[in-house]
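Please look over the sequence and the model before reading on.

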Amino acid sequence: MKSISINSENREVKEVTLVDTLNDSYAQIGNNCSMVQTGEYINRTDAIMVDEEGYFKEGLCGFFYGENFYYGNAVVWGMNPEDGDDADCSVKVEDILPKIQWVDANTAIRIRARIMSNPYTITSF
């Protein structure tokens, strides 16, 4: 599956091929990643996937994609809109790169601490 790797430490965005989607994603994200979650949907068929336990790790760099902050690295997955199965991502590196603002480790640690000190609020209707 054609994917995009976002490496905050090296400040690099590049196209990659994921043969075993999950395990190859763990390797691209690094830092002993063993679970991923959707950070946000870029469009109808592509999503930024991040380390589900990323905020529990220390000393990582990060990045903003638009207004959203991501701690560590990420990969972009594509999906087939008809059945939800994995598919090549439709977004291109040149579409993603202008929307990324890199954050060094010192700044990322401060942002992480601020996020971790604000618990989620769940509201029901």
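## Salt bridges

Asp51 and Lys57 are both buried, and in this predicted model their side chains meet in a salt bridge, with 2.5 Å from N to O. A search of the whole structure finds two salt bridges, and the pair of Asp51 and Lys57 is one of them.

Another salt bridge joins the side chains of Lys14 and Glu12, with a distance of 3.9 Å from N to O, which falls within the 4 Å that a salt bridge requires. Lys14 counts as partly exposed at 38% relative accessibility, and Glu12 is likewise partly exposed, with a relative accessible area of 33%.

## A patch of negative charge

On the surface, Glu82, Asp83, Asp85 and Asp86 gather in a patch of negative charge. Glu82, one of the members of this patch, is placed in the loop between β7 (74-79) and β8 (86-87). With a relative accessible area of 68%, Glu82 is exposed, because a residue counts as exposed when this value is over 50%.

## Cysteines without disulfides

How many disulfides does the structure hold? The structure holds zero disulfides, and Cys61 is accordingly in no such bond, the nearest cysteine sulfur being that of Cys33 at 17 Å. A disulfide would need the two sulfur atoms to be within 2.5 Å. Cys61 counts as buried, at 17% relative accessibility.

Cys89 is also in no disulfide, and the nearest cysteine sulfur, again that of Cys33, is 18 Å away. Is Cys89 buried or exposed? Its relative accessible area is 2%, so Cys89 is buried, since the term applies to values under 20%.

Arg11 lies in the loop between β1 (2-7) and β2 (12-17), where it is partly exposed, with a relative accessible area of 46%.

Asn32, which is not a glycine either, has a positive phi of about 60 degrees. The loop that holds Asn32 runs between α1 (21-29) and β3 (36-41), and Asn32 counts as exposed at 75% relative accessibility.

Technical notes: Residues numbered from 1 in each chain as written. Predicted model: local features only at pLDDT ≥ 70, side-chain atom pairs only at ≥ 80, totals over all residues. Heavy atoms only, no water. Patch = residues over 30% accessible without salt bridge, like charges linked within 9 Å, V, L, I, M, F, W, Y side chains within 5 Å. Areas by Shrake-Rupley, 256 points an atom, 1.4 Å probe, with all protein chains shown as cover. Lys, Arg positive; Asp, Glu negative; His and termini not counted. Charge placed at Lys NZ, Arg CZ, Asp CG, Glu CD. Helix = DSSP H or I, 4+ residues; strand = E, 2+ residues; numbered from the N terminus. Buried < 20%, exposed > 50% of the residue type's maximum accessible area, 1.4 Å probe, protein only.
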